[in-house]
Amino acid sequence: MAYLTETDVQDYIHGICFKTGPPGRVGAETEWLVRDPLRPREPVPLGRLSALVAEIGPLPGNSTVTYEPGGQLELSSPPLPGPGAAHAALARDLDLIRDRLHAAGLILDGNGLDPRRPPVRQLTLPRYAAMEDYFHSAGCSTGPLMMCSTASLQVCLDIGADAADAANRWRLANRLGPLFVAAFANSPIHRGRSTGWRSTRWAIWDAIDPTRTSPVACGDPVTAWTGYALRARLMTIRDDALPWVIDPGIAFGEWIAEGRPRPPTRDDLVYHLSTLFPPVRPRGWLELRMIDALPDRWWPVPIAVAAALLDDPDAAQTAAEAVDRLCRGADPDRPLWARAARAALTDPALAECARTCFGAAAGALGRMDSADLGGVVDDYREHFVERGRCPADLQRLDVAA
């Protein structure tokens, strides 16, 4: 059996995580909390939910259905040519699922954080048991909330045409992250009360373990992700015959150097990378993970805006200049990510950047054969961006009333 070296880690990341090719494909993963209005304080049993979804059979848009540990439903599109195609496939499949669940008395709730129910883990797979044990061992009190009570909308975009293009897209995606947190913040309530954050989901993830959830550096992407992976704490050492070793207290790079209790393999690297959750994660594509789940009316907007700002050259240039101005003016004593999650678009600098970027995205969609998404993006701009607010502000008003 071949054991792993740090060079092997870098080679894998270069060849797999940052595999280049002509950009243009778009995928999305929409996560949804599922509620039973007759039992508002109880989780919907996962067996009941999965049986209802299974009755539908294969989905016409070829989306994949999976479930998060707390029973959140995740619908993932295949990679498709442009945001319009990704939206159309997801919308068709989502309509079928929503109608089936509605007929059974269940509701899909587009919210970044369950506003009332406590976290209850329903998936019993070894991966999630190990994750829960790790968070407990590491003192990560928000771990159960992250696993069982949060929901996001993830946009997946191509790495880039070549190494130079990949580096530019990596930098832009990471620098757009705080803007997306702010513009789409939709998780201000927990246990029925305002938390003081507009994206409490982001705050929960940020508090878990900075070695696996903090943003990755914007430098050379292969070097940055390799260093991040090597420095990240090891969640578990798996064994087919013995109990898994939870939280061995070392980083992945230290495991390579020490080789105990056994040397790591390529499979261990693949598993380790799957336990890292930065806002932008490279997986052979760029997975944008910082966006809260949104209500049914608005979930297409992040897909359209993110794809337009990274895939259309003119919009990408405008966005790069806007986020450069935002980052140059950032107060080092008030980190931009936290400002975005707490203040969202009430922050004047974030609001200005959002107006510029959303305007550029709206103009790009027509050039990308996705003009059908222009209407909902324009509605979102008028309803939220131009008014310096986000969906979380509507929830905060409801609670205050």
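User: Is L230 buried or exposed, and what is its relative accessible area?

Analyst: Please keep in mind throughout that this is a predicted model. A residue counts as buried under 20% relative accessible area. L230 has a relative accessible area of 13%, so it is buried. This residue is found in helix α9, which spans residues 221-231.

User: How many salt bridges does the structure hold?

Analyst: A salt bridge is a side-chain nitrogen of Lys or Arg within 4 Å of a carboxyl oxygen of Asp or Glu. The structure holds 24 of these salt bridges. One of them joins the side chains of R48 and D36, at 3.2 Å from N to O. The pair links distant parts of the chain, 12 residues apart: R48 belongs to helix α2 (residues 46-54), while D36 sits in the loop between β1 (25-35) and α2.

User: Which of these categories applies to R48 and which to D36: buried, partly exposed or exposed?

Analyst: R48 has 32% relative accessibility and therefore counts as partly exposed. D36, with a relative accessible area of 4%, is buried.

User: Where do D268 and R238 lie, and what joins their side chains?

Analyst: The side chains of D268 and R238 meet in a salt bridge of 3.8 Å, N to O. D268 lies in helix α11 (residues 266-274), and R238 in the loop between β9 (236-237) and β10 (245-246), so the pair ties together parts that are 30 residues apart in sequence. D268 counts as buried, at 6% relative accessibility. R238 counts as partly exposed, at 25%.

User: Are D114 and R117 buried or exposed?

Analyst: D114 and R117 are both buried. Their side chains meet in a salt bridge of 2.7 Å, N to O. Salt bridges may also form a network, and here one links R281, R283, E287 and R289.

User: What describes a pair of aromatic rings?

Analyst: Such a pair is described by the distance of the ring centres and the angle of the planes. A search of the whole structure finds 14 aromatic pairs. In one of them, F184 and F358 have their ring centres 5.8 Å apart and their planes at 50°, so the pair is tilted. F184 lies in the loop between α6 (163-183) and β7 (189-190), and F358 lies in helix α15 (residues 348-367), so this pair ties together parts that are 174 residues apart in sequence. Both F184 and F358 are buried. The rings of Y380 and F384 also form a tilted pair, because their planes stand at 45°; their centres are 4.7 Å apart. Y380 and F384 are buried as well.

User: Which residues form one aromatic cluster?

Analyst: The cluster is formed by F180, F184, W298, F358, Y380 and F384. An aromatic ring can be involved in another arrangement too: R342 lies over the face of W197, 3.9 Å from the ring centre.

User: What describes two packed helices?

Analyst: The description uses the angle between the axes and the distance between them. Here, helix α1 (residues 6-17) packs with α11 at an angle of about 60°, and their axes are 11 Å apart. That angle makes α1 oblique to α11. The crossing of these two helices is right-handed.

User: Which peptide bond is cis, with omega near 5°?

Analyst: The bond from R260 to P261 is cis, with that value of omega. P261 has its place in the loop between α10 (252-258) and α11.

User: What is the phi of R191, and what is the phi of D247?

Analyst: R191 has a positive phi of about 55°, although it is not a glycine. R191 is found in the loop between β7 and β8 (193-194). D247, also a residue other than glycine, has a positive phi near 50°. D247 is found in the loop between β10 and α10, and it counts as buried at 13% relative accessibility.

Conventions
Residues numbered from 1 in each chain as written. Predicted model: local features only at pLDDT ≥ 70, side-chain atom pairs only at ≥ 80, totals over all residues. Heavy atoms only, no water. Helix = DSSP H or I, 4+ residues; strand = E, 2+ residues; numbered from the N terminus. Buried < 20%, exposed > 50% of the residue type's maximum accessible area, 1.4 Å probe, protein only. Phe/Tyr/Trp six-rings, centres within 6.5 Å; stacked < 30°, edge-to-face > 60°. Lys NZ or Arg CZ within 6 Å of the ring centre and 35° of its normal. Axes fitted to C-alpha atoms, helices over the stretch in contact; angles between N-to-C directions. Parallel < 35°, antiparallel > 145°, perpendicular 65-115°, else oblique. Left-handed = near helix turned anticlockwise from the far one by under 90°.
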